[in-house]
Each structure stands twice: as C-alpha cells, then as structure tokens.
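Dear colleague,

I am handing over the structure below, and I would be glad if you looked through it before reading my notes, which follow directly after it.

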Amino acid sequence: MSGKQATSKIPQKSTAKLTLVEKNQSKQHEKVVKLMKKAAALMNEAELSKAKKKLNVALKLEPENFDCLQMMALIYQHENNPEMSFSYYEKAMLAFNPDYIHPRSYLKVLLNAGQLAADMERTEEAEAFYTAVLELDMTNTLALSKRARLYTETGQLEKAYADYKSVIFFPDREEYSPLGLRFSAHTSIMQSTHIKPDENDIEMLKKDIEQCNNDHHKVKYEFALGFGLEKLDRYDEAFEAFKRANDQKRKRISFSRKQNKQSAKRITEVFTKDNIARFQEVADEEFRPIFVLGLPRSGTTVTESLLGAHPEVNPAGELTLISDIALKMAALNDDKLYPQQFLDVSKSFIKSQVRYYKENTAQYLTNGATTFVDKMPGNFMNIGIILTLFPNARIIHLYKNPMDACISLFRQHFANGHNYCYNLGDLGAYYQSFRQIMAHYNKEFPDKIYNVSYEHFVENINEEAPKMFEFCDLEWNDEYLSFYKSKRRVKTASVQQVRKGIYTSAVERWRKYDNGDNLIILKKALAPFMGEHIREEVAEFDLRTQQELERANQLSDVKSFDIQIDGVNKPQVIAQDSNKKS
C-alpha cells in the first residue's frame, strides 16, 4: 500500500472547522475542562461508568473536543468494546487542531487506533494508521515496530524486515525504551525464515548486548543472537548464546523436577476412564471442538493453520479456557493437590464448566464455521478435563523426536511460563512426565486421540493430511496445503514457521548442536525414548566418567575435585607442580 493510499484511509477534517479560539475562551469550555478533570480522576479509580457520564456531558457542550473524544476511546478500550473505542478515535482524528493540540497527542491516537484495527483483523486500516504516523514522524520506532509486526503476521516479511532494520537504525526513544522495541526488531530479523541476517546484523546485536543494562532484555538479546548465528551455520557459537540466555533466565525462575514428577503421577491416577465416566450424563457429547496439543514447538501451530484452511474450521489460537477450568477445580479444595479435587467434584460443577466453555467459544462458530481449533499445547495435561466435558472432542496430539523437541524448546524464549525450558536437565525431566501422561491417556482412551509424528507428517504430508481431516470429520481438498498463503494473522511464537509452510529443515536439527558432551545430560534423560545408539553413547559416557574418577583417585601427585553439572559428576584433573608455589 502506498503512502498516499494509506493516508487516504485516515479521517480528514476540513480546514473550515479548525478555528475554535473563541469557544476555547468561553465559560462553557471551562466547564468542559472541569468535567474532564473529574472524569480523569474517576478513570484513575477505575470508575469507568461514572467517568463516561462526565465525558458525555462535556461532549454535549463541545462535541469536537479532542481530549474528551480520546478519553472516551480509552474507556471503551478498557471495557473491551473495540468498535466503540475505534469510533471515538476516528472522531478524535477529525477534531484534531494543530493550533491548540500537540502533534504528539494526535500520533498517540493514530497508534492506538492502529492497534485496535489490527486486533479486529482490519489489517489494511491498521497499516494505514501506522503509515500516517510515519509520514508525520519518520523516526517513530513504535509505529515502525507495530507495522513490522503487522507485516510479519500477514506474511509480508520483506516489508517487515525493512521496518525492523529502521527500528534498529534510529535512536531508541526514551519513552519507548521500556517496550523493548530494539529487542523485537533484532529477534524478528534473526528468526525470520525468509531472510538471512548478514554480519552487520550480528555485530549490531552483539553491540546492543554489550551495552544492555537490563537483564531481562539481555536474555532476549542472547536468544536472538543464537538464532542469527544458527542461520549462518555457526552452531557452536549459537549453542553458547542459547546457553548464556538460558542460564541467566534460569536464575530468576523456579522449577521443581520432583513436584513436576509428582504432578504427572497424580494426573495419571485421577483421570481414569472410570472416574471420567461418572459425569457422562452432564457431559456434552454433541459439542466436538478440535484440540491440538503436545509440547510447544512440535508443529501445533502449523497443524492449526492447516485445519483452518477448511472453510468450516475457525482457528481460535491458544485458548486458556481449559486451564481456567483446571484452576477453578483446584480452588474447590486448597487442602488437596491438583487434580485430586476431581475425585470429589460435583456434577453441577462439571455442567457449569461445559456451559462456561461453550459460551466463551461461541464467537468461533460464526460465519459458516461448524467447529474450531483450540490450540493450547499444554492441554495435554488437561485431556482428562476435555473428555469429561466433551467426550467426543477431537484430540490431535503432535510429538517430535525427543531430542529435537527439547532442543527446540531450549532455543525458545517464552513470554510467560514454561519454566522447565531453561535447563537441559529440567527439560529432560519434563519430557519424561509428558510421555508418561500421554502414554496414560492413550491407554485409557485409545480411540479419542489422534497421534501425529511431526517427522512422519512433514515427510508424507500428501498422505497424512487427508487422514487427519478424516479423523476430524472434515472433507479434504488439496488446496488446503497452501494454508501458509493465507492473510490470517498468526500471533504465536511460530508465526515465521507458519508463513514458511510445511518444511523438513527442523528434523534432526539437534545433531547440529551435538558437540562433545554438551548434550549428555539431556541424552541421559531421554535415552529410554531414543534409539540404541543414544543409549550406548550414554553408557560409554558413564563408563568413561567412572574410569576418569578412578584414575584421578589413583594419582598421588594430583589434586582432583568434582564439579557437579546438573546431576553428572565430571572429574576435573589438575596436575600439581611441586616445584612451584601456589
């Protein structure tokens, strides 16, 4: 879209209405100002309804008061009423008078309207608002970042790359620095599947890492650097960057392998076929949403997008509704550890949660959609809840090669949660629990879960995709394989992968990071799920470690000490020179 086309979508006010000096000096205007001050105070106290009443009175006196209109837009935005909010932002644009209102306020309105338009999937309008900001302020890094993100989500990656480069090039404004715009730009460039960073991109990122005083941003920068180095085939350097990022992140979070193991055990003990059958009479057997689940980074987003290519399927994204129900269930009895509350839960509670889920997903069953995809990967832990509420729900379980699954997670920085990802030993323990839970559910409900090997799926997509659609009672069309060309916005961490379509480059990626013993702790945890060669390698490592330890103990002129690395004792042998003082 050209700048001229983009600007044409912005409401324009005729110059004939721009002189309001006399009105601004009137007593009526003084009354409006007082009303706005009272409304602002009420907004600060979260009294939005009362604030609206004050502003409505003010707008009757001055229908074109820019500040009043902007405040009304903000109130409706906080009330989650995007259409009303958007309409007031448009009115504010028309009321803007550069003689009396600072241009920065107008730019803020354009930015807010752009974000609202993007959230409502009105992407062309969103682009127009961001472009209008940049025509007035070409170095506005927030507008550049928002437009770049919009371009990324709609598959316009070359345009996104240009905007992200500009974000890095222009100085980081003080008011925008807490937003981490430079980080977002670096990350998007480094993780783009269509653009390869050059050496200059790498060096600029390294410079930002050196100068960064914010530990939170520094972690993100290191993750971005790892991806950039990976794309340049510098895997040893990439691993070190990922490890630095994970080590720093792990210091600030908590994860208990013991508690995770105990939680998995309780899930398998509580959510049995017999226990779930108790609620058959209040379950909804006719409601059949599609749940796509598994570990993150295992192909869940690509699978959702493929299913979403069907005209009757609405991709709903990562819904937290099932997790919300689990939390409500846990709150029923704080004296018990979840999910033991399920054993005592009432039928009325289950019935109410059926209603809760359906009411909050009704929006996805519009415009011809007969079903939707709930793609929350972590719902593999909540399959028991899903089948209690909706016994005939379609559940698609994605899984990868264990090493690839864990290395993919080790390379990923998540905005929230997933505390198991930032240490290879934690990842191995979590993966064990994941396999334990899925083995349980597949044993209890063998006909309810469609298990999909990511590697087999991408290698045989023409044969496997129709089978998946058949499981979901959906007719197949070969055109659905072009799902990645859709203009639908993709908002998860896998946005770049979705725009690339089905690809096999992620298969066996872990081997590129396998250097010496750097992955041995992960191999030890995953050995039961891997081939014989991994088990032999682990056994050889254990034998070599034991031999080194025995040899060290036998040396009389040697000082030996053990460094425990994530549960693996690796003896370090340091020769002593008796002729030199320490």
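Which are the buried residues of helix α18 (residues 321-330), where buried means under 20% relative accessible area, exposed over 50% and partly exposed in between (1.4 Å probe, protein chains only)? They are L321, I322, I325, A326 and M329. Seen down the axis of α18, these residues fall within an arc of 150° (taken from the directions from the helix axis to the C-beta atoms), so they line one face of the helix. They pack against β1, α19 (347-359), β3 and α20 (383-389), contact being heavy atoms within 4.5 Å.

Please keep in mind that this is a predicted model, in which local features need pLDDT of at least 70 and side-chain atom pairs count only at pLDDT 80 or more, while totals for chains, interfaces and linings use all residues. Residues are numbered from 1 along each chain as its sequence is written, and side-chain values use heavy atoms, with hydrogens and water left out.

Helices (H or I, at least four residues) and strands (E, at least two) are DSSP runs, numbered from the N terminus, and two strands pair if DSSP finds at least two bridges between them. Five strands form an open, parallel sheet in the order β2-β3-β1-β4-β5. Because β2 (313-315) and β5 (449-453) each have a single partner strand, they stand at the edges.

The whole structure holds 29 salt bridges, each a side-chain nitrogen of Lys or Arg within 4 Å of a carboxyl oxygen of Asp or Glu. One of them joins K265 to E269 (2.4 Å, N to O), four residues apart in helix α15 (residues 257-270).

Best wishes
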